[in-house]
Amino acid sequence: MPWIVGVSGASGTPYAAAVLRALLEAGEDVDLVVSRASRLTLLDETQIAFRDAHWQDDLREWLARGADGKPGSFDVDIARVRYWNAGDLAAGPSSGSYPSKGMLIVPASTACVAGVALGLSKDLLQRAASVTLKERRTLVVAVRETPLNGQTLRHLVALDDHGATVVPASPAFYAGATHIQDLVDFVAGRVLDAAGVEHRLYRRWKGELGGGSGTRTT
């Protein structure tokens, strides 16, 4: 069964790329939904135009690019990815009878958070998230916005009440980050932790000062 990965229009497309690469490296199947708004963000952040007719070429180019924008940083096999158009409400993930392990929304915009919390199902991304909740499957929402107003906070509480896991895209520094990719990978790793997917994206805290970075303080 696949993991459904939804990419919304929030800034943070490198987070989505890191999650997708790690899922594929772990041997997971992926159903990918890229919202219309996220295509604009992807174009702005990477200069990559994500096109339905050429999604495989565009996805390869995107996943090969590092968080610093350098092309060809990663070698990724996308054979296990199935792409669904965000406007296709008759797609597999729109039905509870379609099997999946759960869904990861990364990054999640405040508009996406509101739509899922309210059950609006305006596009396939929101509909797939609603299905994931009603079927009691794992839903991880990596919200990327700051500051957060009261309305969004209430929507996030509602998602938590419905059984979703909210993972703010908040990088940590105890793992010894020395590059922007390290910070991106930490957030992606925490998303995968919430989903129970094994990965090697960051060094874990071991209860010792300096243990996460492999160095000790004096």
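Ala-108 touches Ser-8, Ala-10, Val-113, Val-141, Ala-142, Val-143 and Arg-144, leaving out residues up to four places away in sequence. Keep in mind that this is a predicted model.

**Ala-108 and its strand**

- Ala-108 is part of strand E4, and it is buried, because its relative accessible area is 0%.
- Asp-75 sits 33 residues from Ala-108 along the chain, and 26 Å separates the two C-alpha atoms.

**The nonpolar cores**

- The largest nonpolar core counts 40 residues, and the ones with the most contacts inside it are Leu-23, Leu-32, Leu-59, Trp-62, Leu-63 and Leu-104.
- Strands E1 (3-7), E2 (30-34), E3 (81-85), E4 (102-108) and E5 (138-143) each give two or more residues to this core, as do helices H1 (13-25), H3 (55-64) and H7 (180-195).
- H1 supplies the largest share of this core, with nine residues.
- Another core lies apart from that one; it has 24 residues, including Val-116, Ala-117, Leu-125 and Ala-129.

**H3 and its cover**

- Trp-55, Asp-58, Leu-59, Trp-62, Leu-63 and Ala-64 are the buried residues of H3.
- The cover over those buried H3 residues includes E1, H1, E2, helix H2 (36-46) and E3.
- Take Leu-63: setting aside neighbours within four places in sequence, Leu-63 is in contact with Ala-17, Leu-20, Arg-21, Leu-24, Phe-74, Val-76 and Ile-78.

**H1 against H3**

- The H1 and H3 axes come within 9 Å and cross at roughly 100°, so H1 runs roughly perpendicular to H3.
- On the H1 side, the residues that meet H3 are Thr-13, Ala-16, Ala-17, Leu-20, Arg-21 and Leu-24; on the H3 side they are Leu-59, Trp-62 and Leu-63.
- Sorted by class, this H1 and H3 contact has seven nonpolar residues, one polar and one charged.

**H4 against H5**

- Helix H4 (residues 110-118) and helix H5 (residues 124-134) have axes that come within 9 Å and cross at roughly 45°, so H4 is oblique to H5.
- The crossing of H4 and H5 is right-handed.
- H4 brings Ala-111, Cys-112, Gly-115 and Val-116 to the contact, while H5 brings Leu-125, Gln-126, Ala-129 and Leu-133.
- Six of the residues in the contact of H4 with H5 are nonpolar, two are polar and none is charged.

**H4 against H6**

- The axes of H4 and helix H6 (residues 150-161) come within 9 Å, crossing at roughly 45°, so H4 and H6 are oblique to each other.
- H4 and H6 make a left-handed crossing.
- From H4, the contact uses Thr-110, Val-113, Ala-114, Val-116, Ala-117 and Leu-118; from H6, it uses Thr-152, His-155, Leu-156, Ala-158 and Leu-159.
- The residues in the contact of H4 with H6 come out as eight nonpolar, three polar and no charged.

- As background, most peptide bonds are trans, and most residues other than glycine have a negative phi.
- The peptide bond from Thr-146 to Pro-147 is cis, with omega near -10°, and Pro-147 is in the loop between E5 and H6.
- Gln-47, which is not a glycine, has a positive phi of about 65°.
- Gln-47 lies in the loop between H2 and H3 and counts as exposed, because its relative accessibility is 56%, over the 50% cut-off.
- Arg-136 is not a glycine either, yet has a positive phi of about 60°.
- Arg-136 sits in the loop between H5 and E5 and is exposed, with a relative accessible area of 69%.

How values were computed
Residues numbered from 1 in each chain as written. Predicted model: local features only at pLDDT ≥ 70, side-chain atom pairs only at ≥ 80, totals over all residues. Heavy atoms only, no water. Axes fitted to C-alpha atoms, helices over the stretch in contact; angles between N-to-C directions. Helix = DSSP H or I, 4+ residues; strand = E, 2+ residues; numbered from the N terminus. Parallel < 35°, antiparallel > 145°, perpendicular 65-115°, else oblique. Left-handed = near helix turned anticlockwise from the far one by under 90°. Contact = heavy atoms within 4.5 Å. Nonpolar A, V, L, I, M, F, W, Y, C, P; charged D, E, K, R; others polar. Core = buried A, V, L, I, M, F, W, Y, C linked by side-chain atoms within 4.5 Å. Buried < 20%, exposed > 50% of the residue type's maximum accessible area, 1.4 Å probe, protein only.
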